[in-house]
Structures are given as C-alpha cells and as structure tokens.
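Good morning, and thank you for coming.

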Amino acid sequence: MTEPEKLPPGVLPTRPVLGGFHPDPTVCRVDDVFYLACSSFEYAPGIPLFRSSDLLTWERIGSVMDRPSQLELSDAAPSGGVYAPTLRHHDGTFFLVTTNVSDGPGHLLMTATDPAGAWSDPVRVRGAGGVDPDIAWDEDGRCLLTWADGGIRQAPLDPGTGDLLSEPRPLWSGTGGRDPEAPHLYRVGRWWYLVIAEGGTGAGHAATVARAPSPTGPFEPCPHQPLLTARGGPGPVQNTGHADLVERPDGSWAMVFLGVRPSGSFPGWHVLGRETFAAEVAWRDGWPVVAGPVEPEETPAVRTPLGDGVIGADWVGAGVFPERALRWSRGRWRMSARGAEPVFVGHRQEHTTMTVRAGIDAHEGTGALEVRVDPVHRFALEVDGARVSAVARVGPLTTVLGEAPATADTVLELRVVRPTAPEHSRERGPDVVVAAVRTPERTVELARMDGRYLSTETAGGFTGRMAGVSCASGEIDVRFVEYLGGA
C-alpha cells in the first residue's frame with residue numbers, strides 16, 4: 001500500500017458544514033442547487049435531507065424516510081437502523097439508496113421528483129448484501145448498483161423492481177486498507193472514477209480512488225494514495241473519509257466527507273459524533289486531489305424549540321417516530337412510555353457548547369431531560385412526582401448525584417461547557433455536562449459529569465450525542481423543550 005500523501009496544513013477544514021451527528025454524507029447537484037443526505041441509524045425520521053447554493057450553508061428540507069411505511073426500526077438497537085445512503089438525480093428523478101441493517105435483507109431504493117418530498121415507499125434490492133450502496137447509470141442508460149460486501153461489488157439493477165440483472169461481481173478491493181466500503185462512481189471526461197473508503201471509520205479512515213474506461217472496470221488505482229486522510233496528522237479533524245464528489249455549475253469540483261473533532265487529554269474523545277465536512281477538489285494528471293477547505297467562518301448559535309403542536313424536522317425519536325411518542329393536548333406535549341426502555345425524543349448536539357431546557361410535569365409517570373449517546377450512556381434530570389434527581393448512567397453503573405424538589409414552574413437545564421481541568425492534565429476531558437434546576441427565584445446546580453463518559457470512545461457505536469426528553473413509565477406532560485446551540 002502506498003504511504004499516505006501528507007496534506008499541507010490548511011488543506012483540510014477545521015469546521016464542519018453540518019455539525020454534530022451527520023455522518024456518511026452524500027451529495028448531488030441539480031442546476032444551481034446542491035442536495036445532501038446523511039445516515040440516521042436508529043433515529044426516526046430517517047435520512048435527513050438538506051439543500052444549499054454554496055456548499056457552506058445548508059437548509060434542512062425534511063427527511064427521505066418520513067413515515068413508518070418506509071422505515072422499520074422496531075428491532076433497531078443503538079447504532080442499528082439506517083446506514084450510509086447515496087443520493088443521485090437522473091432523468092428528472094431523485095434516487096436514494098440505503099441499507100436498514102435492522103430490517104433486512106437487501107438495500108432500499110426510494111425516488112422523488114421533489115427532494116422535499118414525498119419520497120416513495122422503498123423498493124427492496126434483495127439480491128445484494130452488505131452496506132453502502134451506490135447507484136449510477138452508464139452511457140446506455142443502464143442502472144448499476146455498487147456496494148460493499150467483503151470488498152466492492154457491482155451488478156446491473158432494475159430500479160423499478162429491485163431485481164439484479166446479473167450475478168454480482170467483484171469490482172475493486174482498494175489499496176490494502178481494512179473495510180473497503182462507501183463506493184461512489186462518477187464519469188469525468190473519458191474516465192470512470194471509483195472513490196471508496198478504507199481503514200475503518202476510526203483513526204485509520206481514508207478515501208482512495210481508482211479509474212477505468214468503463215464503470216464496470218477494470219479499475220487502476222491512483223499512484224498517489226490516499227485521496228483523503230487525517231491519520232497520523234496533528235489536525236483538529238480526524239477519522240476523515242467516506243467522501244462523495246460533486247461538480248459545481250462553473251466546472252470546479254468539491255467533496256463532502258465525514259470526520260470527528262476529538263479533544264481532551266490523550267487519547268482524545270469525540271462527543272458530537274461523525275460530522276460532515278467539505279473540501280475543494282482539483283484535477284491533476286487526470287486524478288482528483290484535495291485542494292483546500294470549504295468551511296463556514298464560524299458555527300452560528302441557534303435556538304431550536306420542539307414546537308407547539310408541530311414537531312420540527314430537527315427532532316427525532318430513538319426507534320420511534322416522534323409523532324408516535326408525543327401528542328399535543330391543551331397547549332403541551334403528552335408523552336407516553338412504550339416498553340421496557342424509556343421512549344426518547346431529542347435533538348442532535350451540533351455545537352461544542354450547548355444548553356437544553358425543558359419543563360416536565362410527571363405526576364402520572366416518570367420522565368427526564370437528558371444528554372445521551374445511548375440508553376446506557378446518559379446524564380439525566382429525572383422527574384418523578386415532586387422530585388428531581390440528577391442521574392448518571394455509564395454502562396451497568398447508575399448513580400444519583402443530586403436531588404431537588406420539583407414544582408409547577410421548575411425548569412430543568414443541562415449545559416455542556418468547556419472542560420475545567422488544566423490543559424495538560426490527564427483528567428482533562430472533552431467537556432463537562434452540568435445539571436441544574438431553575439425557578440423564577442434562582443438556579444441550583446445539582447451535579448456535573450465528565451464528558452468523557454458521554455463520548456463515542458466510551459459508549460462505542462456510530463452515532464453522537466443527543467439531547468432531549470424521555471418517558472420511562474406512565475405518561476408525562478412536557479410544557480416545553482428547547483435546544484440552544486452555542487449558548
């Protein structure tokens with residue numbers, strides 16, 4: 001395997017174009033507008049969808065999988081559910097193909113004439129296993145499905161029925177890195193280019209590229225690999241890979257890709273999940289190269305309430321559509337427990353500092369405001385009757401760190417603040433989560449939790465932190481809940 005080409009400082013971005021848990025980005029352009037989708041794992045609605053005119057500022061326009069007939073998550077454990085999609089536009093129709101690993105077998109293909117919806121119910125591609133499907137069309141209009149399954153595989157596809165039109169064949173196995181996956185095919189000039197990910201979606205992550213005179217190969221690898229990686233480098237953005245290329249209207253090129261921002265002492269912890277970054281792409285000697293960052297000047301602060309009567313697109317449920325967990329009644333949300341695990345509706349933590357607040361009345365059940373990675377890695381303000389408890393859970397260990405009375409006007413608050421340990425201390429984590437209760441008279445801090453315990457390095461998995469409300473038993477009333485990013 002060729003030694004990684006070291007990218008000069010400043011080539012890779014340091015700020016995401018979509019902060020927080022927005023992994024496995026895929027992008028396409030129609031006229032002057034770019035469209036981008038990400039994987040969503042166990043959360044519903046599935047596959048968040050965005051549009052932009054400049055690749056910098058993205059507007060949420062909905063979700064591809066926005067109803068239960070498209071998305072089955074009843075058996076989705078944490079980091080199960082919907083994996084990496086590919087979004088493309090062909091002959092006036094948008095196509096999105098993805099994999100729900102908790103609802104197999106095969107991949108799922110959906111279409112729409114308007115990306116804001118509605119998208120069709122899925123056509124199931126049963127003849128292809130693995131993950132990370134890509135869809136492309138050759139010069140004759142033949143549809144090709146390419147995916148990862150012990151290497152990169154390909155077969156012609158009938159997109160109307162989901163039938164493969166031949167036996168799958170191996171296409172390329174990459175340059176020797178582990179887990180060759182995330183294939184994307186493009187025709188540029190006389191060549192077909194195949195960009196894949198290698199090295200696993202951790203510290204060894206990279207994007208590599210090969211080309212061929214036909215989309216079916218044979219593919220020759222670029223002599224200067226990888227196309228993209230941060231491994232071994234000192235930059236603040238690590239684990240970069242899973243890239244998708246797009247051409248701008250002026251003929252220039254760019255890519256979107258995932259990365260993480262670890263912080264704290266060695267070995268570092270990332271808490272926001274895998275985020276979406278972007279970079280310029282130049283063509284040199286017939287090969288794409290990373291040519292500079294595409295990044296906003298700063299990440300703007302936002303305030304995102306759950307909404308009155310209508311749940312905003314940025315709020316999702318773990319294994320359940322939010323509309324099935326919440327109902328609007330008498331000016332507040334009524335939330336009901338659904339089984340052994342608490343039902344959860346939340347917002348991605350998209351900023352390195354944030355505040356989430358809620359008003360919860362729990363006289364007929366048990367509810368909570370929480371920051372979590374999954375059900376067993378969480379920090380919560382639990383409300384049961386007239387009592388609030390600050391509860392930390394890390395795997396099998398659960399600890400009550402503080403308590404306070406709850407009244408009709410109590411506001412629950414969880415703040416994520418910068419770490420307080422000295423810079424070179426081994427106890428310095430990525431951040432600190434502060435639990436407090438607020439009344440019109442005062443704010444009382446109940447407890448603090450080291451952010452390392454709410455990180456991917458501790459919890460494992462492919463997602464990131466979420467902040468929101470949950471119900472563990474009975475029913476609760478949620479007067480309000482809001483996410484304040486950067487606050």
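**The interface between the two domains**

The centres of domain 1 and domain 2, taken over C-alpha atoms, are separated by 32 Å. Domain 1 covers 25–294 and domain 2 covers 302–486, with bounds that come from an automatic or database domain assignment. To the contact, domain 1 gives 29 residues and domain 2 gives 40 residues, where contact means heavy atoms within 4.5 Å.

A word on conventions: this is a predicted model, in which local features need pLDDT of at least 70, side-chain atom pairs count only at pLDDT 80 or more, and totals for chains, interfaces and linings use all residues. Residues are numbered from 1 along each chain as its sequence is written, and side-chain values use heavy atoms, with hydrogens and water left out.

Between domain 1 and domain 2, about 2600 Å² is buried, and carbon and sulfur atoms give 61% of that area. Buried area here is the accessible area (1.4 Å probe) that two parts lose on being put together, summed over both. On the side of domain 1, Y43, W269 and V271 lose the most area to domain 2, together 27% of what that side buries.

Turning to charged pairs, how many salt bridges are counted between domain 1 and domain 2? The count is one, a salt bridge being a side-chain nitrogen of Lys or Arg within 4 Å of a carboxyl oxygen of Asp or Glu. R60 forms a salt bridge with D314, and their closest N and O atoms are 3.3 Å apart.
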